[in-house]
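Here is a short briefing on one structure. It covers a helix, a sheet and a ligand shell.

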Amino acid sequence: MKIKMAARSKFFWDNFVHLVMEAPRGLDFSRNEYPYPDDHERIWYERTTGEHLKVLFSYFEDKNKRVLDIGCGKGYALYRIHKMGFEHVDGIEYDTRMAGIAQRNMEILKLADQVTIYNMDATEFTGYDNYVVIYMFHPFKGRIMEAVVCDVEESLMRQPRPFTVVYFHPREHAVWDSSPMFYKSLEWTLAFSNVELDVYYYEFDPDYKRKERIPPFKKILESAMK
Ligand SMILES: C[S@@+](CC[C@H](N)C(=O)[O-])C[C@H]1O[C@@H](n2cnc3c(N)ncnc32)[C@H](O)[C@@H]1O
């Protein structure tokens, strides 16, 4: 009930912001978009608010990092993250109309030379090697997430490097929890306008190979008793 009320008030606020602050400049960030059926693996567009992004990215002291927003929608998070001082920010968006809106928003904000929008499914993306941070605001469900985790793992096998996953509203966190290459470094609950949403941060574990090679203690006992 509380969540429904807060979602409704965010919906009206976002539409008001669009009408008063964005539309006169030709911008379109705030309005939700629902391009997929309810039961789809892909989730609709709803922006992360600026207040949330400020807190989410306060995790990083060093802003000289290449950030990728997977499921960037109309690009609001890209704009805000860039404004916070992260100069290398790009996004992937599946929906062609929204990717076009994101591109137009970047042009109006004179960021088009700096921010690239890839209009494709995240599972088709082959450029993970170029990034050290990925941001996701619950963009899709399990099977797509599994494919993305595999691609990120392969990228880290090719090019081991410090790598952070910022996963806001982490409905599919089990997929990241079960990756041997990542550990959860931080878990926060963010409360704004009466709604609480979690964020999980995962870091690449450069020792993951050693972890895999040492069999669990229980296994050693079993084989010793045979
Ligand atoms: C909840 S919105 C998040 C928008 C933006 N990241 C933000 O925080 O403001 C999720 C977005 O993910 C996109 N999306 C869903 N499935 C996708 C996929 N397989 N590949 C790329 N984008 C996808 C949706 O179209 C939607 O725009």
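**Helix H3**

H3 is largely enclosed by the rest of the structure, because 6 of its 8 residues are buried. The model is predicted.

- The buried residues of H3 are Tyr 76, Ala 77, Leu 78, Tyr 79, Arg 80 and Ile 81.
- They pack against helix H2 (50–56), strand E1 (67–70), E2, H4 and E4.
- After H3 comes Gly 85, with a positive phi near 115 degrees.

**The sheet**

- Seen in order, the strands run E3-E2-E1-E4-E5-E7-E6. This is an open sheet of 7 strands with mixed pairing.
- Strand E3 (117–119) and strand E6 (182–192) are the edge strands, and each pairs on one side only.
- From one strand to the next, the twist averages 20 degrees.
- Strand E4 (residues 133–137) pairs with strand E5 (residues 164–168) in the parallel sense, over 5 bridges.
- Within that pair, Ile 134 has Val 165 in E5 as its bridge partner.
- Helix H4 (residues 96–108) packs on the sheet and touches E2 and E3. The direction of H4 makes about 165 degrees with that of E3.

**The ligand shell**

- There are 24 residues around the ligand. Arg 42, Gly 71, Gly 73, Phe 137 and Pro 139 come nearest.
- Helix H3 (76–83) and strand E2 (89–93) each supply at least two residues of this shell.
- By type, the shell residues divide into 13 nonpolar, 4 polar and 7 charged.

Key: Residues are numbered from 1 along each chain as its sequence is written. This is a predicted model: local features need pLDDT of at least 70, side-chain atom pairs count only at pLDDT 80 or more; totals for chains, interfaces and linings use all residues. A residue is near a molecule or strand if its C-beta atom, placed from the backbone, lies within 6 Å of it. Helices (H or I, at least four residues) and strands (E, at least two) are DSSP runs, numbered from the N terminus. Ala, Val, Leu, Ile, Met, Phe, Trp, Tyr, Cys and Pro count as nonpolar, Asp, Glu, Lys and Arg as charged, and the others, Gly among them, as polar. Two strands pair if DSSP finds at least two bridges between them. Axes are lines fitted to C-alpha atoms, for helices over the stretch in contact, and angles run from 0 to 180 degrees between N-to-C directions. Two residues are in contact if their C-beta atoms, placed from the backbone, lie within 7 Å. A residue is buried if 20 or more other C-beta atoms lie within 10 Å of its own, exposed if 12 or fewer, and partly exposed in between; C-beta atoms are placed from the backbone.
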